Amino acid sequence: MNTAVIQTVGLVRRVEGVVSHVLVNGIDLSVGKGEFLAITGPSGSGKSSLLYLLGLLDGPTEGEIFVGGRATSGLTESQKAEIRLKTCGFVFQFHFLLPEFTALDNVLLPMRTLGGLSMSQMRAKALALLASLGLAEQVNKRPHQLSGGQRQRVALARALANDPAIIVADEPTGNLDTASTEQVFGVLRDIANQGRTVIVVTHDPGLAARADRRIQIVDGKIAQETWLSKQRSDARTEEESRQVEPS
Amino acid sequence: MNLLLEIAWTHVTTRIRQTLVGIVGVAIGVGFTIMIAGLMEGSQRDFIHQLVDTLPHVTVSDERRSASTQPAEQEYAAVQVANLPTADRRAGIKNPNSVVASIESWLPGAISPSEQTTALVHYVGGHIGVTVTGIDPRREVKVSKLADQMQKGQVSDLFRASNAIIIGEALAQKIGAQIRSTVTISVGETHSLAATVVGIFRSGVHQIDESQVYTLLRTAQVLSGQPGGINQLRLRLDDAVAAKDVAGRIEAQTGYKSVSWQEANANLLSAFTVRAFIMLTVMAAMLFTSCFATYNIISTITHEKRHDIAIMKSLGLKEQFVRGIFIVESVIMGAVGIAAGWVIGYLLCYGLSRVTFFNPLSGEIINVPIYWTVTHYAAVGMLTLTACAAAAFFPARKATRVHPVEIIRGAA
């Protein structure tokens with residue numbers, strides 16, 4: 001197995017309140033570099049909560065998350081934001097693009113926040129990213145001028161903007177038609193093949209079937225873990241053969 | 001362009017209606033505040049101006065502030081003197097010429113010695129008590145506005161007749177006197193003289209117009225029975241504000257009671273302090289109200305933008321950065337609103353300055369006094385800008401503190 005990009009030890013997330021309940025109940029998980037992990041499970045099983053924890057959006061009640069071998073429980077919000085900016089790319093069920101900004105500006109947002117590149121370099125990189133996702137024609141359109149699938153691909157481009165090691169996607173195809181779903185699947189598979197770690201929460205058995213590994217969460221615990229392919233090269237050939245079919 | 005500014009700018013420019021409401025709120029607040037400031041300070045300055053103009057800046061009289069001490073009292077602390085017999089002291093300022101000359105040697109302004117006495121003017125209907133002030137017309141015109149107040153005749157006409165007098169308009173009306181009329185003026189039973197009216201003035205203060213009579217020094221001295229006597233020195237300074245210091249210096253130098261216009265009108269001036277406080281309170285309240293508009297709009301914007309806030313935070317933008325966006329938006333609205341408010345304020349002031357009132361008592365047309373100053377615009381602008389930033393800070397902080405997960409979860 002590859003070196004763990006992200007690892008959790010005894011992860012627990014409880015919501016305290018009038019009625020306290022446990023969202024994530026003791027999960028030990030290790031995800032390697034270039035691995036495509038699908039998290040499935042019934043509604044309310046805690047799979048999204050687990051994803052937010054993995055993406056450092058939420059903090060665990062107990063346990064520890066290691067990102068790139070670094071413990072994260074002691075970090076401030078600012079430091080976590082820094083890690084998210086550099087190493088995690090997020091895709092949500094809703095595209096969450098900034099509505100007043102063009103596709104290009106949305107992709108530029110994380111790059112400009114991180115800085116480091118000149119404006120022209122950032123633009124070139126963002127344009128290349130959008131083009132690679134088949135959005136070359138759409139770079140100057142605003143989200144409301146784009147189709148659902150295009151929006152989600154812009155969101156993917158934004159997630160990839162800072163070359164993150166991890167892509168975290170929460171039901172990325174939840175709102176999409178079959179064709180768009182297929183496109184987004186393909187992109188996620190490609191991303192994993194490029195050596196990034198992809199963690200996806202999904203209801204879609206088709207998407208889950210294409211992951212390297214699938215874990216099923218029930219009541220905040222890992223109920224079932226299935227290794228679908230040990231070799232990424234196998235996955236690629238499988239992927240390529242499937243990608244041909246719908247077109 | 002800076003990312004933060006660009007996002008803020010895009011937000012305010014894509015939501016024109018909301019932005020306009022915010023701008024108008026600020027603009028109205030700023031405009032009215034500037035108007036009130038101009039009006040209040042204008043009327044105050046106008047009032048002080050009139051006060052300073054109509055009255056001498058410093059009046060030196062032949063009195064002393066406190067009873068003079070006895071040599072024994074100066075020497076021994078235990079000595080107490082009571083029931084002193086009245087010393088028959090000659091009225092008036094001693095050696096007036098040398099006193100005037102010594103003050104004049106350093107005085108930044110003009111000085112006019114005069115002899116003032118009370119007298120009765122006799123006319124057909126009866127007797128009226130008046131104040132007769134003997135003046136030197138050449139000096140007087142430098143000290144008072146008498147020359148400007150002349151309705152008929154001139155101050156120098158006092159030289160043109162023996163026992164010439166200048167009387168107030170109200171008095172002239174009352175006794176039916178006209179130029180070249182002869183009136184009888186008397187002091188007690190002894191001194192009485194026939195005087196010729198050579199001029200009529202109107203000061204605007206009814207009490208003065210009704211009871212003030214100007215003559216040459218010589219005539220007044222005859223009436224008071226003090227040949228060569230001077231019992232009042234009136235001063236006009238180049239800088240009216242210095243009156244307090246000048247009065248103090250004269251008093252220290254001569255020992256005579258010197259009253260500056262500030263001292264003479266201490267009650268009025270302290271009333272102005274209260275007025276200034278009221279003005280500041282009203283202005284603060286108006287600015288506060290206009291900032292509430294900003295507060296509301298930023299609250300609404302942050303509420304509408306909570307998805308954007310969530311995504312920006314989840315992407316790794318820092319909380320301070322996201323908060324800064326909304327504060328900058330408020331400041332942008334504030335800045336534009338202030339500029340518009342300046343225009344509104346200027347126009348309001350201009351409009352008010354054209355308003356006139358007619359005073360039926362004095363027969364004068366009065367303008368609304370407006371004080372024009374850049375200070376008002378700058379101060380109101382600075383205050384508003386600060387207040388806008390502060391008004392945005394709280395809703396922005398509240399909105400950006402929310403954990404992105406709560407919103408993302410809610411949206412799903």
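**A tour of chains A and B**

Begin by selecting helix H1 (residues 47-54) of chain A, which lies across strand E1 (4-15), E2 and E4 of chain A and runs at about 55° to E2(A); helices (H or I, at least four residues) and strands (E, at least two) are DSSP runs, numbered from the N terminus. Angles run from 0 to 180 degrees between N-to-C directions, and axes are lines fitted to C-alpha atoms, for helices over the stretch in contact. This is a predicted model, in which local features need pLDDT of at least 70 and side-chain atom pairs count only at pLDDT 80 or more, while totals for chains, interfaces and linings use all residues. Residues are numbered from 1 along each chain as its sequence is written, and chains are lettered from A and ligands numbered from 1 in the order in which they are written.

Next, select the strands of chain A: an open sheet of 4 strands has the order E2-E1-E4-E5, with antiparallel pairing, where two strands pair if DSSP finds at least two bridges between them. Strand E2 (21-32) and strand E5 (70-71) of chain A are the edge strands, each pairing on one side only. Strand E4 (residues 62-67) of chain A is joined to E5(A) by 2 bridges, and A:Val67 has A:Arg70 as its bridge partner in E5(A).

Now move to chain B, where helix H2 (residues 16-54) and helix H15 (residues 374-401) pack at an angle of about 145°, with their axes 10 Å apart. Residues that make this contact (C-beta atoms, placed from the backbone, within 7 Å) include B:Gly29 and B:Thr33 of H2(B) and B:Tyr377 and B:Cys388 of H15(B).

Definitions and conventions. Two residues are in contact if their C-beta atoms, placed from the backbone, lie within 7 Å.
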